[in-house]
Amino acid sequence: MPVTVAIVGSGPAGFYTADALLKDGNVEVDIIDRLPTPFGLIRAGVAPDHQTTKKIQQKFEQTALDDNVCYFGNVEVGRDVTLDELRGMYDAVVLAVGAPFDRKMGIPGEDKKGVHGSAAFVGWYNAHPDFRHLDPDLNVKAAAIVGVGNVAIDIARVLIKTAAEMADSDLPDYAAATIHASPLTDVYIIGRRGPIEAKFTNVELRELGKLETAVPQVDPTQLPDGVEGDWDDRDRRLKERNLATLKEFAARRRDELPKAVHFLFYASPVEVLGGDRVEGLRVERTRVEGNRAVGTGETFDIPCGLVIPAVGYRSVPVPGAPFDAQACIVPNQDGRVAPGLYVAGWVKRGPTGVIASNRPDGVAAAAHIRQDIAAGNKPGRVALQAILGQRQVRITSIADWQKIRAMEEGTALPPAPRRKLSSIRDMLAVLDGS
Ligand SMILES: Cc1cc2nc3c(=O)[nH]c(=O)nc-3n(C[C@H](O)[C@H](O)[C@H](O)COP(=O)(O)OP(=O)(O)OC[C@H]3O[C@@H](n4cnc5c(N)ncnc54)[C@H](O)[C@@H]3O)c2cc1C
């Protein structure tokens, strides 16, 4: 009898786990996702103008079409079926549920109107059903994005690019209408530490130097001559490239173009200013000691009507699984949680790394399952289908996803690759032919 495995989450971690399990054969893999559409942050996180990165969806779709794989979309573990029930039905359950919520900055004023965490804001401009109603007020001249990783750069770029520059993206209509009607001219990317500690990769950074209507700005006095510190060779090379790019940016003039993306390093947010609504962000100047930013007591204000903290993501507990509330992960030994229960991806090791960084997690989870479970003895798919049938859960299959995909691609205005549906109701309506 095949080993039956339920993978909860159809992001990269879920699919890499499925791929690794299939390599050894004699396995039946069911991939469960709370959304009708698969692929996690590849669909709902990766920037809409980075279509090449999203192409890995095609490979994962092939995995989902394997005879030994079944996709159960629109099924939320914890709502439609419990983890305990899944563990009763499957030889192994792999949690690959990601880290979908924002970490807070933890400063006064963070709850004002006009503050949107990056998970929500990125979800909004990527048509994630949870965030389509965010309705951010972009009738603002300036925005502050807190954090110096690729997510902050993505948000700055999507906010500042013109409609023509976004024509070959899959930015949803409602977000395009709001963003491209915005009078926004200045975006600030704010980091507590310096340019050397910043986490962005060089390709993403350089993109900000090629925008049609916005010029990148950096204070040259914030840029060191070279990369000091104890970095391994790979990190040092990346940091040297970033420093060279930032030096090019520092030589650009503000009046070259009507808009600007400003990098403000050594600045730690201390308060969101304003009444009900955001009117600015107060930051404290810092200096870096060791690897830490230390406040100097000197503050200054950045007038802005929008604040987007991009300071990290957090997982939430899955009822029935242990949870480390400090680290916001499911505690595990290289992916093993308890007999028959495993984790992979961001819920295993925290919200770091790129899509491919989740592959080793999938390989490890599959290897543990092989080692721990010699032969299958739980029914798996038939039991899940029965329980979801009893509960009248509307499951979407991979064929259903293909119909949604065909509709999204067929209604797109070229060169846009697809016109994304953002509501679960609309997705199900496509399947019902209405
Ligand atoms: C804004 C942003 C941009 C990024 N851009 C890039 C990029 O350009 N290139 C790159 O390589 N990497 C990028 N990354 C990183 C990459 O997206 C992540 O490394 C990767 O998606 C993490 O994979 P995961 O499978 O752990 O989580 P996720 O991709 O989040 O997948 C988790 C899945 O679990 C599902 N789920 C959650 N809870 C439940 C439940 N209870 N029941 C059923 N299903 C559930 C979710 O719906 C989701 O589909 C980006 C990340 C972010 C946040």
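I started with the contact of two helices: S118, F121, V122 and Y125 in α6 meet V151, I155 and V158 in α7 (contact: C-beta atoms, placed from the backbone, within 7 Å; helices: DSSP runs of H or I, at least four residues, numbered from the N terminus). I sorted the residues of this contact into 6 nonpolar, 1 polar and no charged (nonpolar: Ala, Val, Leu, Ile, Met, Phe, Trp, Tyr, Cys and Pro; charged: Asp, Glu, Lys and Arg; polar: the others, Gly among them).

A note on the source: this is a predicted model, where local features need pLDDT of at least 70, side-chain atom pairs count only at pLDDT 80 or more, and totals for chains, interfaces and linings use all residues. Residues are numbered from 1 along each chain as its sequence is written.

Next I looked up the packing geometry. Helix α6 (residues 118–125) and helix α7 (residues 150–160) pack at about 45°, their axes 11 Å apart (axes: lines fitted to C-alpha atoms over the stretch in contact; angles: 0 to 180 degrees between N-to-C directions).

Then I turned to the ligand. I found 34 residues around it, the closest being G9, G11, G40, G98 and G345 (C-beta atom, placed from the backbone, within 6 Å). The shell divides into 16 nonpolar, 14 polar and 4 charged residues.

Which helix gives the largest share of the shell? It is α1, with 3 residues. α1 (12–24), α2 (40–44) and α7 each supply at least two.

Last entry: domain 1 (3–100 + 315–432) and domain 2 (101–313) both give residues to the shell, so the ligand lies between them (bounds from an automatic or database domain assignment).
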